[in-house]
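I opened this entry to keep track of what I looked up in one model. The notes go from overall content to single side chains.

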Amino acid sequence: MLYIHGAGDTPLIVGRWENLVKKDGKLLAVASDETIDRMGDSLVANKWDFTNFLKNPVIQLSHNYELPPVGVAKNLRIDGKRILFEPLFHEITQLYRDWE
């Protein structure tokens, strides 16, 4: 599962890619859901404000802004208690190929 972690008002998309689902030829990822985490926290999906994130919806590798993004998050949306998006990876970059 992928997780969105907030840094101020800008969420970062990080995590593992094993749970990507292919639907209609596109990848679909669960960015977050309302599951209680190991610290006892839960984030309510419809309370997120993605205004700033959507200005530059990049997928960063492990919160590392010193590296170039490995992709972008397309069609970010709330679906019930889940936040979904379609990842579009920059497959031409060596960083992505090394990470994949």
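**Charged pairs.** I began with Arg 82, which is partly exposed at 34% relative accessibility; the classes are buried for under 20% relative accessible area, exposed for over 50%, and partly exposed in between, with a 1.4 Å probe and protein chains only. Arg 82 forms a salt bridge with Asp 79, the closest N and O atoms being 2.9 Å apart. I took a salt bridge as a side-chain nitrogen of Lys or Arg within 4 Å of a carboxyl oxygen of Asp or Glu. Asp 79 counts as partly exposed because its relative accessibility is 38%.

How many salt bridges does a search of the whole structure find? The search finds 2. Besides the Arg 82 and Asp 79 bridge, I noted Arg 77 and Glu 86, whose side chains meet at 3.9 Å, N to O. Arg 77 is partly exposed at 28% relative accessibility, whereas Glu 86, with a relative accessible area of 17%, is buried. Side chains of opposite charge can pair when their charged atoms come close.

**Ground rules.** I am reading a predicted model, in which local features need pLDDT of at least 70 and side-chain atom pairs count only at pLDDT 80 or more, while totals for chains, interfaces and linings use all residues. Residues are numbered from 1 along each chain as its sequence is written, and side-chain values use heavy atoms, with hydrogens and water left out.

**Confidence.** I looked up pLDDT, the predictor's confidence in each residue, from 0 to 100. The protein has a mean pLDDT of 75, and 65% of its residues reach 70 or more.

**Layout.** I counted elements as DSSP runs numbered from the N terminus, helices being H or I with at least four residues and strands E with at least two. The protein has 1 helix and 7 strands, and the order from the N terminus is β-β-β-β-β-β-β-α. Of the 100 residues in the protein, 34% are buried. Among contacts with a separation of 6 or more, 51% come from residues 24 or more positions apart.

**Core.** I then looked for nonpolar cores, meaning sets of buried Ala, Val, Leu, Ile, Met, Phe, Trp, Tyr and Cys residues joined through side-chain atoms within 4.5 Å. The largest has 14 residues, and those with the most contacts inside it are Phe 50, Phe 53, Ile 59, Leu 76, Ile 83 and Phe 85. Strand S4 (26-33), strand S6 (71-79) and S7 each supply at least two residues of this core. S7 gives the most, with 3 residues.

**Rings.** I counted rings of Phe, Tyr and Trp (its six-membered ring) as a pair if their centres lie within 6.5 Å; planes under 30 degrees apart are stacked, over 60 edge-to-face and the rest tilted. By this rule there is 1 aromatic pair. Trp 48 and Phe 50 form this stacked pair, at 5.6 Å centre to centre and 10 degrees between the planes. Trp 48 is buried at 19% relative accessibility, and Phe 50 is buried at 10%.

**Single residues.** Is Gln 60 buried or exposed? Gln 60 counts as buried because its relative accessibility is 5%. Gln 60 lies in the loop between strand S5 (58-59) and S6, and its side chain reaches the backbone oxygen of Leu 67 at 3.5 Å.

Asn 75 sits in strand S6 and has a positive phi of about 50 degrees, although it is not a glycine. Most residues other than glycine have a negative phi. Asn 75 is partly exposed at 43% relative accessibility.

In strand S4 I checked Ser 32, which is buried at 6% relative accessibility.

Last, I looked at Phe 89 in strand S7 (residues 82-89), which is buried at 11% relative accessibility. Phe 89 and Val 58 are 31 residues apart along the chain, and their C-alpha atoms are separated by 9.6 Å.

Technical notes:
Polar contact = N/O pair within 3.5 Å; in protein donor to acceptor, adjacent residues only side chain to side chain. Contact = heavy atoms within 4.5 Å.
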